[in-house]
Amino acid sequence: MKHLIDALRRRRWAHLFVANLRILLGFGFVPAGLKKILGEPFTDPENVGAFHDFLDAFHATGAFYPFVGVVQLIAATLLMTQTYALAGALMTLPVMTTILVFCWSTGVVPTASVVTLMWLGTLGLIAWDVDRWLTIVRADHVPSPDDRATAALIDLSLWRACGAGILVFYGISCLVHGGVYRPRGVEFDQPAYYVLIAIVLFPVVTVVLERRRRRSSGTIGNQEARP
């Protein structure tokens with residue numbers, strides 16, 4: 001993909017297409033965002049069905065409704081500045097993905113088709129700036145001074161294992177419990193309650209293990225000896 005983007009970046013028409021796509025997608029969020037900020041409903045009360053029922057409930061959420069509108073307007077503004085378009089596209093993607101899944105799951109095919117094109121356009125804008133974010137997701141990047149400083153202060157391999165352990169442990173507990181346990185307070189009579197306590201202990205155990213590893217390697221002593 002990177003080679004394709006590099007080739008396209010040498011074409012004037014590709015830059016014109018991207019600039020106009022940013023404006024098109026950005027403006028697509030403007031009416032939607034303004035309606036939310038102004039508190040205007042997205043559907044008429046007489047319309048029924050899962051799609052309209054959800055929008056009615058969304059409109060009745062209070063401050064959350066205009067908050068989403070503000071997010072959409074910020075994303076639209078960033079896209080249309082061109083300079084900060086990547087930040088706008090990254091803000092747009094989760095919002096557009098949510099709308100996409102919502103439209104297809106409720107069966108509004110015409111709207112879902114348009115949203116799908118907008119979603120693909122957003123992915124295209126993110127791909128256009130691949131050089132600016134590729135190092136974030138590439139594991140084999142050259143370590144920066146910050147990376148080396150972090151490695152000297154914390155053992156990320158242990159903390160990665162801690163996060164993975166929590167996910168696996170909680171997933172297995174949900175399977176055993178037969179669902180997701182949500183405590184309503186202190187419930188010592190519920191076995192699943194102790195799972196949450198055990199999860200809290202994962203980071204504590206990780207700190208202890210990390211300190212032992214660093215002490216055995218002499219890292220703590222070396223750092224304390226530095227002026």
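## The largest pocket

Helix α5 gives the largest share of the lining of the largest pocket, six residues; helices here are DSSP runs of H or I with at least four residues, numbered from the N terminus. The model is a predicted one, in which local features need pLDDT of at least 70 and side-chain atom pairs count only at pLDDT 80 or more, while totals for chains, interfaces and linings use all residues. Residues are numbered from 1 along each chain as its sequence is written, and side-chain values use heavy atoms, with hydrogens and water left out.

The pocket holds about 650 Å³ of space. A pocket is an open set of points on a 1 Å grid over the protein atoms alone, where a 1.4 Å probe fits and protein lies on both sides within 12 Å along at least five of seven lines; lining residues have an atom within 4 Å of a point. Its volume is the space filled by probe spheres set on the points, joined across faces, edges and corners. Of its 24 lining residues, Lys 36, Phe 42, Gln 72, Ile 99 and Phe 102 lie nearest the centre. By class, the lining has 19 nonpolar, four polar and one charged residues, with Ala, Val, Leu, Ile, Met, Phe, Trp, Tyr, Cys and Pro counted as nonpolar, Asp, Glu, Lys and Arg as charged, and the others, Gly among them, as polar.

## The second largest pocket

Here you will find about 170 Å³ of space. α2 gives the most to this lining, with five residues, and α1 (2–8) and α6 also supply at least two each. The lining includes Trp 13, Phe 17 and Trp 128, and divides into nine nonpolar, one polar and no charged residues.

## Helix α2

α2 has 26 residues and reaches 37 Å from its first C-alpha to its last, close to the 38 Å expected at 1.5 Å a residue, taken as 1.5 Å times one less than the number of residues. Among its buried residues are Arg 22, Leu 25, Phe 29 and Lys 36, where buried means under 20% relative accessible area with a 1.4 Å probe, protein chains only. The buried residues of α2 pack against α1, α3, α4, α5 and α6. Just after α2, Gly 39 takes a positive phi of about 75°.

## The nonpolar core

Leu 25 and Phe 29 also belong to the largest nonpolar core, where they are among the members that touch the most others, along with Phe 51, Cys 103, Leu 125 and Trp 133. Such a core is a set of buried Ala, Val, Leu, Ile, Met, Phe, Trp, Tyr and Cys residues joined through side-chain atoms within 4.5 Å. α5 supplies its largest share, seven residues.

Conventions
Buried means under 20% relative accessible area, exposed over 50%, partly exposed in between (1.4 Å probe, protein chains only). Contact means heavy atoms within 4.5 Å.
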